[in-house]
Structures are given as C-alpha cells and as structure tokens.
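Here's a quick briefing to read alongside the model. Keep the viewer open and follow the residues as they come up.

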Amino acid sequence: MPSTIVLAELDADLQEAVAATRQKVADLHAELPRWGLVVWTAGNVSERVVLDGAPTDLFVIKPSGVSYDELSAENMVVCTLDGNKILDGTPQSLTPSSDTAAHAYVYRHMEGVGGVVHTHSTYATAWAARREPIPCALTMMGDEFGGQIPVGPFALIGDDSIGRGIVETLRGSKSPAVLMANHGPFTIGKDARSAVKAAVMCEEVARTVHIARQDGQIHLIPQELMDRLNDRYQNVYGQH
C-alpha cells in the first residue's frame with residue numbers, strides 16, 4: 001500500500017470489505033452498553049479487515065470520545081497496523097480511540113486475532129484494581145477461558161505499552177481475556193464478535209465469583225477438568 005492511504009483509491013473489493021467491517025464494528029459497539037460493560041464514552045471495539053479470507057493491513061476502530069448514541073458505520077475510523085488513521089472519508093478532526101496503539105500492537109503480534117475489545121465493566125475492573133486474577137471456580141470459565149483470567153501489568157494509555165502487556169500475558173494462554181492492572185479488561189477473538197462475547201462472559205464470571213466469595217469459600221476446579229471443559233466447548237458445543 002502507498003505511504004498515504006486513501007480509502008477511495010483502494011481496490012473496489014477492499015473498499016467493500018472495509019465498508020462491511022465498519023458496519024459490523026458500529027453494530028457491535030451497541031452491545032457494550034446493552035450488557036452494561038461501559039459508561040459514557042469509555043470502551044472500544046476493533047476488527048481487522050479481512051479480504052477473501054485473509055487479514056489485511058487495515059483495521060476499524062471506534063473514534064475517540066464519541067457518544068455510543070452517535071456511533072455509525074460512517075464515523076468508524078480506519079487505521080493501518082501501525083495505528084495511523086488513513087484518509088477514510090471521515091473529518092480529519094475525528095481521531096481514533098486512545099487505545100488504538102494497543103489494538104494495533106495486538107494485531108501485529110498475535111496471529112489469528114481478528115478482534116479486540118476494551119471495557120471498564122464494574123466487576124472485572126474491580127478485580128483489576130486489586131491486581132487479582134479471577135480464579136477458576138466456574139465451569140463457564142473452563143468453557144470460555146480455559147482457566148483463570150490473568151492480570152496484566154500496569155501500563156499508561158497513549159502508546160503501545162498496553163498492547164505489549166496484553167500480548168505478554170495472553171500469548172500461549174487459552175484465555176481470551178486479560179485484566180490490565182488498575183485499568184480493566186481487554187479481550188481478543190478471531191473476530192470482533194468473539195471478542196465482544198469474551199468481554200460479556202468476563203464480566204459475568206467476575207461478578208459471580210465475587211458474589212460467591214462474599215458468602216464463603218469458593219472451590220476451584222482442577223486445571224485438568226478445565227482443559228476438558230474448554231475442549232468440549234470450543235470443539236463440540238453448538239452448531240458447526
């Protein structure tokens with residue numbers, strides 16, 4: 001691709017793929033307030049643009065500081081994998097999410113990741129504030145996360161530090177979620193929908209384990225059984 005990328009000058013098929021991704025990402029943002037995972041303008045969803053089954057060097061992400069009620073396919077921002085906005089037809093003043101560098105870093109360094117989500121959901125963020133992983137106490141955790149939900153390092157917003165922490169924590173892990181210390185959960189998936197699902201499930205187990213722990217001792221599930229639960233859920237459960 002040229003150094004200055006103009007969306008309107010790209011191949012027609014790629015433009016169509018970008019348009020479809022923008023619509024999908026815009027629609028998925030509605031799921032975050034619907035499930036109570038964000039307040040005000042916090043949080044973001046991104047998805048890597050795929051063409052003919054292959055990931056491209058572009059991804060779509062929420063614009064910074066824009067109300068969820070005002071989000072649409074037309075104001076989703078298109079970026080390269082170095083986190084720079086292309087000339088995508090939106091106003092120059094419309095900047096991508098403050099977490100864009102983190103998303104871009106994940107896409108560059110985690111093969112197979114096609115979607116990234118960040119929320120400030122209450123219970124998951126409370127575990128992050130304590131810098132405490134969510135322990136493996138529910139079969140649902142085995143299904144979706146393959147074990148405990150780990151804690152990532154503290155990192156400031158604005159560069160790729162958060163992205164590095166996500167990759168360092170999740171590389172080699174079955175968990176699609178990480179609790180970034182004193183910040184909140186980030187989730188990954190094969191696409192944005194999978195990452196949104198992981199964010200919803202992360203908050204659900206964070207809340208349930210927290211409540212269970214208030215009334216007594218929780219009982220952990222052995223990792224061997226977690227592995228079996230995860231394999232069944234990922235490879236057998238549902239429609240294929």
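This is a predicted model: local features need pLDDT of at least 70, side-chain atom pairs count only at pLDDT 80 or more; totals for chains, interfaces and linings use all residues.

**Helix α3 and its cover**
- The buried residues of α3 are Thr-100, Ala-102, His-103, Ala-104, Tyr-105, Val-106 and Tyr-107.
- Their cover includes the strands β1 (44–51), β2 (54–61), β3 (77–80), β4 (115–118) and β7, along with helix α6 (161–170).

**The aromatic pair**
- The count here is 1 aromatic pair. Phe-59 and Tyr-107 form a tilted pair, because their ring centres are 5.2 Å apart and their planes sit at 50°, between the 30 and 60 degree cut-offs.
- Phe-59 belongs to strand β2 and Tyr-107 to helix α3, so the pair ties together parts 48 residues apart in sequence.
- Phe-59 is buried at 0% relative accessibility, and Tyr-107 is buried too, at 3%.

**Thr-187 in β7**
- Thr-187 sits in strand β7 (residues 184–189). Its relative accessible area is 1%, so it counts as buried, the cut-off being under 20%.
- The Thr-187 side chain reaches the backbone oxygen of Ala-195 at 2.7 Å.
- Beyond its neighbours within four places in sequence, Thr-187 contacts several residues, among them Gly-115, Val-116, Val-117, Pro-176 and Ala-199.

**Charges over rings**
- Lys-62 has its charged end over the ring of Tyr-68, 5.4 Å from the ring's centre.
- Arg-130 lies over the face of Trp-127, 4.5 Å from the ring centre.

Key:
Residues are numbered from 1 along each chain as its sequence is written. Side-chain values use heavy atoms; hydrogens and water are left out. Helices (H or I, at least four residues) and strands (E, at least two) are DSSP runs, numbered from the N terminus. Buried means under 20% relative accessible area, exposed over 50%, partly exposed in between (1.4 Å probe, protein chains only). A polar contact is a pair of N or O atoms within 3.5 Å; within protein, one must be able to donate a hydrogen and the other to accept it, and residues adjacent in sequence count only if both atoms are side-chain atoms. Contact means heavy atoms within 4.5 Å. Rings of Phe, Tyr and Trp (its six-membered ring) pair if their centres lie within 6.5 Å; planes under 30 degrees apart count as stacked, over 60 as edge-to-face and the rest as tilted. A charge sits over a ring if NZ of Lys or CZ of Arg is within 6 Å of the ring centre and within 35 degrees of the ring normal.
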